[in-house]
Amino acid sequence: MYPNTDILNLSPNLTDYESAKFDFNWDHWHKEFSFNSTGKVNYAYEVTDYQVQKGNGDKPAFISQKTDGRVVSITFRELADLTSILATSLRSRGLKAGDRFGLYAAKSLDYAVVLLAAIKCGAVAVPLFSAFGREAIVDRLNDCGATWLYVTSNLIKNVPFDSGLSVTNILIDSSISLPGLSVHLLSDCYQGQPNPAATQFGDLETPFVIHYTSGSTGKPKGILLSSRAMIGHLLTAKYVLDLHPEDNYWNTADPGWVTGMIYNFFAPLLLGVAAHLYEGPFHPLDWIKFMSRMGISVWYSTPTAFRLLRYYGVPFDREHLPKLRHIVSAGEPLNPSLIDWTENNLSIPIHDSWYMTENGHQLINNYRCLPIRKGSMGKPLPGIRAAILSEQGEELPVGTIGRLAVKTPWPGLMKTVWGNQKKFEEYFQNGWYISGDSAYQDADGYFWFQGREDDIIKSAGERISPFEIESFLVAHPKVAEAAVIGKPDQLFGSIIKAFIMLKPGVSGTDQLKTELTAYVRDKLASHVAPREIEFVDKLPKTKSGKIMRRILRSQESNSPLGDFSTLDAEMNPIIEEN
Ligand code: ATP
Ligand code: MG
């Protein structure tokens with residue numbers, strides 16, 4: 001009944017980029033999945049029952065530190081059993097394959113079990129960031145017609161049941177009366193015997209999640225990912241995260257964002273590696289204590305988090321982080337000075353990686369086996385071809401800034417944009433996926449992010465990268481964070497304006513403005529020196545921590561703000577108390 005375990009886990013981690021690229025074949029990776037021998041696909045099954053079959057049953061699948069400091073864990077065997085019991089229960093309560101199943105809760109072991117049980121039933125998970133408010137919740141659940149919602153009792157007050165919500169079934173952790181809705185108590189659903197028939201198998205096209213994008217450039221889009229993405233998840237868990245069986249892995253992202261979902265609840269588990277979960281909010285010192293306590297060896301986070309840790313001056317050295325051996329970043333451009341920071345303190349760099357919700361998994365990355373060029377996103381994943389295209393779709397030569405594009409198809413590529421096939425089709429041109437990001441490639445094949453196409457500043461006939469100026473500014477000893485935009489200007493088209501958050505204790509004087517302008521002019525280039533500088537207490541960011549330059553642009557030109565449902569008004573105050 002079980003597949004031949006001799007052929008499992010044959011593919012090693014990445015040691016030679018060029019040869020891995022040379023003879024790469026996606027089909028080769030199929031042999032590491034149960035569907036290869038059974039022909040049947042269920043993503044939740046791959047990360048639960050199949051891990052037990054592979055001999056990982058007694059290993060932890062999740063290790064979670066609760067907000068009161070207690071640490072709880074669940075093994076792969078327990079996870080397989082519990083998800084099967086819950087799936088059986090949910091099926092008997094009416095959950096069907098294809099139903100959209102919202103999750104509005106913080107990371108926890110229950111979250112993991114509910115998510116994977118719903119996917120075992122063939123339902124499509126719709127994760128919602130736990131800091132979302134009423135409108136963001138209604139927009140997303142109604143956009144995809146979700147009929148089920150898992151919500152924890154501490155968050156239920158935010159769910160606007162009076163707003164014509166599509167949801168008819170609530171799964172919750174404590175008793176509550178909600179007239180007109182079917183309420184299912186989680187502890188009741190954990191009772192009973194598992195029925196293997198509850199697990200719905202399909203093919204590799206079967207969807208498992210709808211992820212809403214971060215909303216950095218406009219209204220978030222519902223990206224439907226299908227089970228074939230698991231092939232890219234396994235590959236990147238090995239090649240980019242470089243996970244080994246003995247690793248203690250922590251990814252800081254919330255499951256409401258693609259990185260927090262895929263690289264917490266799926267990718268590491270495919271290798272039988274546990275994901276560590278930290279259940280509290282961002283707290284600089286507690287993060288370091290958590291890493292120290294858990295002996296984290298592989299850490300996946302974001303540039304915003306790195307900048308804030310540096311800003312708060314947490315103990316960041318080998319004494320506190322003795323086991324940390326690999327750091328990966330995604331979601332935003334990684335400023336070179338952040339790599340200097342980890343190199344100086346821990347003697348290891350940060351490995352940047354690039355992808356979009358639409359892509360399903362990391363695509364352009366820095367790998368442990370290749371030298372890092374600070375400020376570059378790295379090179380395409382073996383199996384992926386990326387290029388820089390002109391507006392007309394022609395490949396541009398080395399060193400020319402243009403549209404970052406990826407040759408289709410690849411396993412993680414979205415199946416569609418939920419309810420918007422037209423939008424989905426707009427991403428493609430002559431067999432290329434057009435990212436909407438601007439970049440160039442150097443002579444050795446490294447890709448250099450320049451900004452989102454909308455963020456690129458066109459000033460006096462030049463195309464200027466906000467990222468380069470921002471990186472330069474945040475390397476200045478008095479600067480904590482910076483956002484650079486083009487401010488509309490009658491003469492030049494636009495002028496460069498920098499919004500700067502200073503380090504604690506530094507005052508924003510006119511003299512400092514002059515100093516910073518001179519610093520950029522003299523050390524980077526005169527045409528990119530900010531013409532205007534504004535000191536701010538915080539920058540507008542998405543709830544996932546990305547700088548929203550479009551909000552700053554709208555403010556400067558007095559134009560409407562557009563969709564700001566993902567704007568995080570709280571991010572900086574939350575951490576101020578530390
Ligand atoms: P929306 O599509 O709703 O405007 P978003 O693009 O921020 O939001 P995501 O899919 O979460 O939503 O983010 C993908 C984008 O994040 C990329 O297009 C890119 O602009 C940025 N990004 C991700 N990783 C990197 C990276 N390593 N370097 C630079 N930018 C990155
Ligand atoms: Mg996007």
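The model is predicted: local features need pLDDT of at least 70, side-chain atom pairs count only at pLDDT 80 or more, and totals for chains, interfaces and linings use all residues. Residues are numbered from 1 along each chain as its sequence is written.

**Helix H17**
- H17 spans residues 510–523, 14 residues in all. Helices are DSSP runs of H or I, at least four residues, and strands are runs of E, at least two, numbered from the N terminus.
- From first C-alpha to last, H17 reaches 20 Å, close to the 20 Å expected at 1.5 Å a residue. The expected span is 1.5 Å times one less than the number of residues.
- Which residues of H17 are buried? They are Leu 512, Leu 516, Thr 517, Ala 518, Tyr 519 and Val 520. Buried means under 20% relative accessible area (1.4 Å probe, protein chains only).
- Their cover includes helix H16 (466–474) and strand E25 (479–489).

**Largest cavity**
- The whole structure has 4 cavities of 30 Å³ or more. A cavity is a set of points on a 1 Å grid over the protein atoms alone where a 1.4 Å probe fits but cannot get out; lining residues have an atom within 4 Å of a point.
- The largest cavity holds about 60 Å³. A volume is the space filled by probe spheres set on the points, which are joined across faces, edges and corners.
- H16 gives the largest share of its lining, 3 residues.
- Domain 1 (7–441) and domain 2 (462–557) both line the largest cavity, so it lies between them. The bounds come from an automatic or database domain assignment.

**Second largest cavity**
- This cavity holds about 50 Å³.
- Helix H18 (residues 549–557) gives the largest share of the lining, 3 residues.

Methods: Chains lettered and ligands numbered in written order. Heavy atoms only, no water. Buried < 20%, exposed > 50% of the residue type's maximum accessible area, 1.4 Å probe, protein only. Contact = heavy atoms within 4.5 Å. 1 Å grid on protein atoms, 1.4 Å probe; cavity = no way out; pocket = protein on both sides within 12 Å on 5 of 7 lines; lining within 4 Å.
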